[in-house]
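Have the sequence and the 3D view open side by side.

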Amino acid sequence: MATRRYDHIFFDLDHTLWDFDANSRETLQDLYLELDLEGRGIPTFDRFHDIYYHYNLLFWDRFRKGYINRDELRWKRMWRTLTDFRITDEGLAKAMSERYLEILPTKKRLFDDTLEVLDYLTGKGYPMHLITNGFEQTQHAKIRNSGIAHYFTHVITSEAAGIMKPHREIFTFAMTKADTTPERCIMIGDTLDADIIGARDAGIDTIYFNPAVPPRDGIIPTYIIDRLSGLRKLL
Ligand SMILES: [Mg+2]
């Protein structure tokens, strides 16, 4: 009988299982209507979405580097988006931030094949866990509302671990919780820097899932898949 290569599977959540971009877009659409952003001077939703997307990445980068705190990240990305439309209204930015965080985790879109693949892996008896950069309350709500909570034994958020991917400590923290060792687990994620380099540096094999972004030179995931169903051949 063939022995199984891995005993534990770690998944990333956002952009790997939970379709963050689709869910975020729907949330921003809700905000655009609910807060009458058109009436306040933002002519089209698409324009609003593109500008928000840009500042969100920028402020996340600042947050990751420790230049701003969580609350600043949350409302300043809205505030800066508004100022591009010549709207200077801190109260509105804070209201948008609050509603965005309330609505986003209620969205349910998962990538194609997510449930089918999680069922397949459950059937094979793998204990599965999540390692996600994000806030405790938000990430747990996403998992619950999209109906995938029951697949995972441990959900490790960067907020609970006190450190973000790609730092080795969050992977060590996760392995301690799951009572496993690097050679017995594999990490599946969409982000080269956070998921693939992070896990690799912690001694964990990796599966890269992000058809839109090919691996850069010098970053070699153990495996690459272009659909989640590709996991059926590997695990
Ligand atoms: Mg991700």
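What follows is a short walk through the domains, some helices and a few backbone details.

## Before we start

You're looking at a predicted model, where local features need a pLDDT of at least 70 and side-chain atom pairs count only at pLDDT 80 or more, while totals for chains, interfaces and linings use all residues. Residue numbers start from 1 along each chain, following the sequence as written.

## Two domains

The protein splits into domain 1 (8-19 + 110-234) and domain 2 (21-106); bounds like these come from an automatic or database domain assignment.

## Helix 1 meets helix 2

Now find helix 1 (residues 20-34) and helix 2 (residues 45-64), which pack at an angle of about 125° with their axes 10 Å apart. That angle makes helix 1 oblique to helix 2. (Under 35 degrees counts as roughly parallel, over 145 as roughly antiparallel, 65 to 115 as roughly perpendicular and the rest as oblique.) The axes are lines fitted to C-alpha atoms, for helices over the stretch in contact, and angles run from 0 to 180 degrees between N-to-C directions. As for the helices themselves, they are DSSP runs (H or I, at least four residues), as strands are (E, at least two), and both are numbered from the N terminus.

Which residues of helix 1 and helix 2 meet? From helix 1 come Arg 25, Leu 28, Gln 29 and Tyr 32, and from helix 2 come Phe 45, Phe 48, His 49 and Tyr 52. Sorted by class, the residues of this contact are five nonpolar, two polar and one charged.

## A mostly covered helix

Next up is helix 9 (residues 192-201), where seven of the ten residues are buried. A residue is buried if 20 or more other C-beta atoms lie within 10 Å of its own, exposed if 12 or fewer, and partly exposed in between, with C-beta atoms placed from the backbone. The buried ones are Leu 192, Ala 194, Asp 195, Ile 196, Gly 198, Ala 199 and Arg 200. Their cover includes helix 8 (168-178), strand 4 (185-189) and strand 5 (205-209). Just after helix 9, Gly 203 has a positive phi of about 85°.

## Backbone details in the loops

Is Arg 86 buried or exposed? Arg 86 counts as exposed because it has 8 C-beta neighbours inside 10 Å. You'll find Arg 86 in the loop between helix 3 (70-84) and helix 4, with a positive phi near 60° even though this residue isn't a glycine.

Asp 113, in the loop between helix 4 and helix 5 (114-123), isn't a glycine either, yet has a positive phi of about 75°. With 16 C-beta neighbours inside 10 Å, Asp 113 counts as partly exposed. Finally, look at Pro 166, in the loop between helix 7 (158-161) and helix 8: the peptide bond from Lys 165 to Pro 166 is cis, with omega near 15°.

Technical notes: Two residues are in contact if their C-beta atoms, placed from the backbone, lie within 7 Å. Ala, Val, Leu, Ile, Met, Phe, Trp, Tyr, Cys and Pro count as nonpolar, Asp, Glu, Lys and Arg as charged, and the others, Gly among them, as polar.
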